[in-house]
Amino acid sequence: MKKALKVIALVLALAMVFAFASCKDDSGKNTDPANPSDGTTAGEQSTASELDFSKIKVGFIFLHAPTDSTYDKNFQNAVDNVQKKLGLKDDQIIVRSNIPENATCQETAMELVDEGCDIIFADSFGHEQFMMEAAKEAPNVQFCHATGTHAKTAGLKNFHNAFASIYEGRYLAGVAAGMKINEMIEEGKITADKAKMGYVGAFPYAEVISGFTSFYLGAKSVCPTVTMEVKYTNSWFDETAEKTQAIALIDDCCVLISQHADSPGAPRACEEKGVPNVAYNVSTIDMGPNTAIISSKIDWTPYMELMITNVVKGEEIPADWCGGIAEGSVQLTELNTKVAAKGTQEKLDDVMAQFKAGTLHVFDTATFTVKGEKLTSYLADVIDEGDYKAETEVIKDGYFDESDVADKRSAPYFNIIIDGITAVVEK
C-alpha cells in the first residue's frame, strides 16, 4: 500500500513539473496567461504587436489622386505608415482615388464591402452623407469619415467621424509666418504698417475660417501689426484658381501667402514671384526651395491605427474622435532654414511647450476683437441638423472652445471673421 502511494505521489510530482514547464518558453520566461509573472491579470497583456492583423481588410476612398493633391497625398502617407506599422500586406489595403462627392462615393463604398473590407475610410467632407447611406446598407462593416459632423447624431453604431485640433498646428505655422514678417521689417524690406499676409481659402466654411483665423492669430502673437486678406476659390482643388488667387493677393501687396486648398498652385505661384509661403498638409520645399517656410499638417496615422486595432480587438471605434499634439495627430513639417527667420525653431519649440502644458489657447478672446468688441458669448452651429441653427455656447473660460469632442464635435465650428482679417465672398 505504501509503495503504491509513493508511486502515485511520484506521478503527481512529475505532472506538476511538466505543467510548470509547459508555462515557460524556451528562455524560461513564464508564459501562463492565467498567472503572468509580471503581475498583470489575464487579458491585460494583449498589445498591438500581439494582435493578429492578418485577416483585416481596409478600404480607403480619396477625393483626388494622391499624386495630384497635397490633401490626398497626406492621407496616402498615413495609409503607408499604418500599413507598415501594423504589418498589413498589400492585398489588405484597397485605395480608390478620384471619388467625387456624390452617389459614386456610396457605390464605391459598397464595392469595397463586396471586396471584403471590414473598415472603409473616406477623406472628404462631401463624402459623409454617402458614407452614412453605405453604413446603413452594410451594418457589419465599420465606416469612418474625416471632417464630418453627423456621427454623434446619426444613430449608427458603425459610422464614425474624426478630425484633429489642426488649428493649433496652423497657429504654430502662423508664428513662423510672423517671425518672417518681423525679419522683413527689421531688414527694411517693408514697414510695420505694410505687414499684410494673403490667404487662399477653398470655401467660406467653418473649417477654412477656423484655419485661417488660427494662422492669423499665430502671426499676430509675434507681429502685432499684421493684417490678412483672404480670397476663396470655391473649390477644394483647382490649381489654376489657387495660383490665380495667390498672384492676385501678391499684386494686392501681400508679402506672405498661406492657403487652405488642396493643390500646389499657391506654393508654386509664390516661388515664381519670390514671396514667402506657408503651406498645408505636406512639405512644399521641393517646389518652393527659395520661398517655402513650413507647413502644418494632420497626421492621420494615429486615427487609422486606432480604428483598425479596435476592429481587430472587437472594441468600439469612438463615434467622434479628435487627435491633437499629444497624440501625434497635429504636426509641422520640416522648417526650411534657408527661408525661415532666425530664431524661428526656438520660438516654435516654446509655443509647442505651451500647448502641451495647456497654458495656451488659440482662440483666447483676450487676443482678438469682432467689430471692435471682445467676444464674451457665442452660439455656434455644433449639432448639425442641416438647419444652420446656432444652438451651442462655445465660449469657455475666456476662450472659444474649438473642436471639443467631449461634449461638442471634432469638426471645426469657428466661423467668425475677426478684426484684422478681410475675407470677401465673391458672388
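Strand pairing and side-chain contacts

Author: Strand β6 (residues 196-201) and strand β8 (residues 256-260) run parallel and are joined by five bridges. Strands here are DSSP runs of E with at least two residues, and helices are runs of H or I with at least four, both numbered from the N terminus; two strands pair if DSSP finds at least two bridges between them. Within this pairing, Val200 has Gln259 of β8 as its bridge partner.

This is a predicted model, in which local features need pLDDT of at least 70 and side-chain atom pairs count only at pLDDT 80 or more, while totals for chains, interfaces and linings use all residues. Residues are numbered from 1 along each chain as its sequence is written, and side-chain values use heavy atoms, with hydrogens and water left out.

The two strands belong to an open sheet of seven strands with mixed pairing, whose order reads β12-β10-β9-β8-β6-β7-β17. Its edges are formed by β12 (330-332) and β17 (421-423), and each of these has a single partner strand, so one side of each is left without a neighbour in the sheet.

Turning to charged side chains, the structure contains 15 salt bridges, a salt bridge being a side-chain nitrogen of Lys or Arg within 4 Å of a carboxyl oxygen of Asp or Glu. In one of them Arg96 pairs with Glu115, and the closest N and O atoms are 2.8 Å apart. Because Arg96 lies in strand β2 (residues 93-96) and Glu115 in the loop between α3 (103-114) and β3, this pair ties together parts that are 19 residues apart in sequence. Both ends are partly exposed, with Arg96 at 27% relative accessibility and Glu115 at 34%; under 20% relative accessible area would be buried and over 50% exposed (1.4 Å probe, protein chains only).

A salt bridge also joins Glu272 and Lys243, at 2.7 Å from N to O. This pair links distant parts of the chain, since Glu272 is in helix α9 (residues 265-273) and Lys243 in helix α8 (residues 239-251), 29 residues apart. Glu272 is exposed, with a relative accessible area of 55%, whereas Lys243, at 26%, counts as partly exposed.

The salt bridge between Lys408 and Asp404 spans 3.8 Å from N to O, and both of these residues are buried. Salt bridges with shared partners also join Lys196, Glu229, Lys231 and Asp252 into one network.

The aromatic side chains complete the picture. Rings of Phe, Tyr and Trp (its six-membered ring) pair if their centres lie within 6.5 Å, with planes under 30 degrees apart called stacked, over 60 edge-to-face and the rest tilted. This rule gives a count of 25 aromatic pairs. Phe60 and Phe121 have ring centres 6.1 Å apart and planes at 55°, so this pair is tilted. Phe60 is buried at 0% relative accessibility, and Phe121 is buried with a relative accessible area of 0%.

Phe121 also pairs with Tyr303, with centres 6.3 Å apart and planes at 50°, so this pair is tilted too. Here strand β3 is linked to helix α10 (residues 301-313), which holds Tyr303, across 182 residues. Tyr303 is buried, at a relative accessible area of 1%. Ring pairs gather Phe60, Phe121 and Tyr303 into a cluster together with Phe62, Tyr71, Phe75, Phe163, Trp300 and Trp321.
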